[in-house]
Amino acid sequence: MSTVKYCLNRILMLLLVVSCSQNMEQEPMKKTNGKDEIPPISVEQEVLDMLDDLSLNTTHVGIEKVPSIYGENQKGYVVEKDIFLLKTEIQDMHKAHLALKDKKRSVLGRHYRSRFLVALGANGKKNLKVFAFKNLVTADGQLGLSKRERRALRSAVNRYNGLNRLDISFTVKFSNEVEDFQEADIWVFNDPLKPEDVSGANARFPKRNGKPGEFVKIFNLNGLSFGRLEAVLTHELGHTIGLQHTDYYTLESCEGRDVNLADPNPLNGVAIEETPVETDSKSIMLSCLDPNRTTGKLSRFDKRALRALY
């Protein structure tokens, strides 16, 4: 076995072993279609209370442990379907919320960004390296992207790269080489540990240090049309560079979820003034994408928001 393949196998084994190890001693694991399924872990009430104070939807908060390309695996919380937050980030947001508690706040139905954005280079530009393994299968299942998923990711990236007057861009690379994995800014991967009856995606926001959100995770999206798959990837890439859900404060695009929250917190979504007050029904960044959407097309105001930020 070559040194590169040996290193790659060691990395993947560590990622998957650590991901599988959480809370195993407390409850027996269940079998799903022949696969071991990790029992769900209860979210701490302290975290739910902070999220509730921040006017974030707490109906479907989950705990996940995700591999990081910058260091050891990260335990965090998936909020509003596809936003991954560390506990320290939730605590920081809550402290800032308490500091503004008595101040008058106003949130309108326009496009929003996250608290931090990707830092541009000295030349005022930034190219982000996006990486995915090619069809890589581990003992637990698919980690790399299929040919169809890779094609959809390229198409999603082209949606951003095709915009005029944008100072941020993406370069995509697919391989099974560990060096490419280590050099990436954003890693896109399949989560082989998810039960087969659960599908979705989530991503990270940019960091305080100006780095983009370091991953986009997808799971069990084989049943989506190509256009719908492209739309999901376009949406998640938007999160990695700082686009918040367009309707984050009402979740009006999500039937059956909380709407018209009484006291939305502007720290969770900074309004982009160049966008309209009315919620953009065509936005790629709606909390719940229309199941009939057939492309990852950016709306007119998605583009305006991006140009305002970058």
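**Salt bridges and their surroundings**

A: D180 counts as buried, at 14% relative accessibility; buried means under 20% relative accessible area, exposed over 50%, and partly exposed in between, with a 1.4 Å probe and protein chains only. The model is predicted, so local features need pLDDT of at least 70 and side-chain atom pairs pLDDT 80 or more, while totals for chains, interfaces and linings use all residues. Residues are numbered from 1 along each chain as its sequence is written, and side-chain values use heavy atoms, leaving out hydrogens and water.

D180 forms a salt bridge with K173, their closest N and O atoms lying 3.2 Å apart; the term denotes a side-chain nitrogen of Lys or Arg within 4 Å of a carboxyl oxygen of Asp or Glu. K173 is partly exposed, at 45% relative accessibility. Shared partners join E64, D191, K194 and K217 into one salt-bridge network. By this rule, the count is 12 salt bridges.

Another salt bridge pairs R159 with E230, with 2.6 Å between the closest N and O atoms. Because R159 belongs to helix α4 (residues 147-161) and E230 to helix α6 (residues 226-240), this pair ties together parts 71 residues apart in sequence; such helices are DSSP runs of H or I with at least four residues, strands being runs of E with at least two, numbered from the N terminus. R159 is partly exposed at 28%, whereas E230 is buried at 3%.

K87 and E44 also form a salt bridge, at 3.8 Å between the closest N and O atoms. This pair links distant parts of the chain, 43 residues apart: K87 is in helix α3 (residues 87-99), and E44 is in the loop between β2 (35-37) and α2 (45-53). K87 is partly exposed at 26%, and E44 is partly exposed at 25%.
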